[in-house]
Amino acid sequence: MANTDVETLNSFLRGEISAVETYRQAIGHVSEGRIRSQLEDCLHDHEHRVEALRERVEKLGGTPVGSSGIWGTFAKLVQGGADLLGEKMAIQALEEGEDHGLADYQRDMEKTHGEARRFVRMELLPAQKRTHERMSRLKQTLH
């Protein structure tokens, strides 16, 4: 079970690292202070999840992944294209990333067991729902 938990948590970790990378890129292209502040809040939430996931993987005896892998590359390409098209498209791309992250947690939570499942259900999933909601609201205010 521990191996399955480590693999699943590392998958979540790759997604969170990808989110951090993508938010950092987007923030670099946003000039409006209110939007930038919202993006920075989401960035900090994702950074916190990266650290929490790394600690949990180590606690289970695993080695935390160090990069976002192929999903990070894809996310950067999507965000890079959105950045060229403006803030609205960048926000839309971030919100779609939040959709993807939420779906990952909801779909794969059942692959974890015991304390790892509690961690996902009680900490990661609620935090992901908050950043998802924040980006959805931001997207709505821009349209």
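Helix α4 crosses helix α5 in a left-handed manner. The two helices, with α4 spanning residues 87–108, pack at an angle of about 155°, and their axes lie 9 Å apart. Because an angle over 145 degrees counts as roughly antiparallel, α4 and α5 are assigned to that class. The model in which this pair occurs is a predicted one.

The protein as a whole contains five helices and zero strands. In sequence order the elements follow the pattern α-α-α-α-α. Of the 143 residues in the protein, 45% are buried.

Helix α4 consists of 22 residues. From its first C-alpha to its last, α4 reaches 31 Å, which is close to the 32 Å expected at 1.5 Å a residue. The C-alpha atom of His100 is separated by 9.5 Å from that of His132, although the two residues are 32 residues apart along the chain.

Helix α5 covers residues 114–142 and has 29 residues. The distance from its first C-alpha to its last is 41 Å, close to the 42 Å expected at 1.5 Å a residue. A kink of about 35° is present in α5, and this kink is centred on Val120.

Helix α5 also packs with helix α2, which comprises residues 33–59. The angle between α2 and α5 is about 165°, and their axes are 11 Å apart. This angle is the reason why α2 and α5 are described as roughly antiparallel to each other. Their crossing is left-handed. Sorted by class, the contact of α2 with α5 contains eleven nonpolar, five polar and nine charged residues.

Packing is likewise found between α2 and α4, at an angle of about 30° and with axes 13 Å apart. Angles under 35 degrees count as roughly parallel, and α2 and α4 are therefore roughly parallel to each other. In this pair, too, α2 passes α4 in a left-handed crossing.

Helix α1 extends over residues 2–27 and includes Arg14. With a relative accessibility of 28%, Arg14 counts as partly exposed. Arg14 and Gly66 are 52 residues apart along the chain, and their C-alpha atoms are separated by 8.0 Å. Ala19 is likewise located in α1. Its relative accessibility is 15%, and because the limit for a buried residue is under 20%, Ala19 counts as buried. Ala19 and Leu43 lie 24 residues apart in sequence, with a C-alpha to C-alpha distance of 7.6 Å.

Conventions. Residues are numbered from 1 along each chain as its sequence is written. This is a predicted model: local features need pLDDT of at least 70, side-chain atom pairs count only at pLDDT 80 or more; totals for chains, interfaces and linings use all residues. Side-chain values use heavy atoms; hydrogens and water are left out. Helices (H or I, at least four residues) and strands (E, at least two) are DSSP runs, numbered from the N terminus. The expected span of a helix is 1.5 Å times one less than its number of residues. The bend at a residue is the angle between axes fitted to the seven residues ending there and the seven starting there. Axes are lines fitted to C-alpha atoms, for helices over the stretch in contact, and angles run from 0 to 180 degrees between N-to-C directions. Angles under 35 degrees count as roughly parallel, over 145 as roughly antiparallel, 65 to 115 as roughly perpendicular and the rest as oblique. A crossing is left-handed if the near helix is turned anticlockwise from the far one by less than a right angle, and right-handed if clockwise. Ala, Val, Leu, Ile, Met, Phe, Trp, Tyr, Cys and Pro count as nonpolar, Asp, Glu, Lys and Arg as charged, and the others, Gly among them, as polar. Buried means under 20% relative accessible area, exposed over 50%, partly exposed in between (1.4 Å probe, protein chains only).
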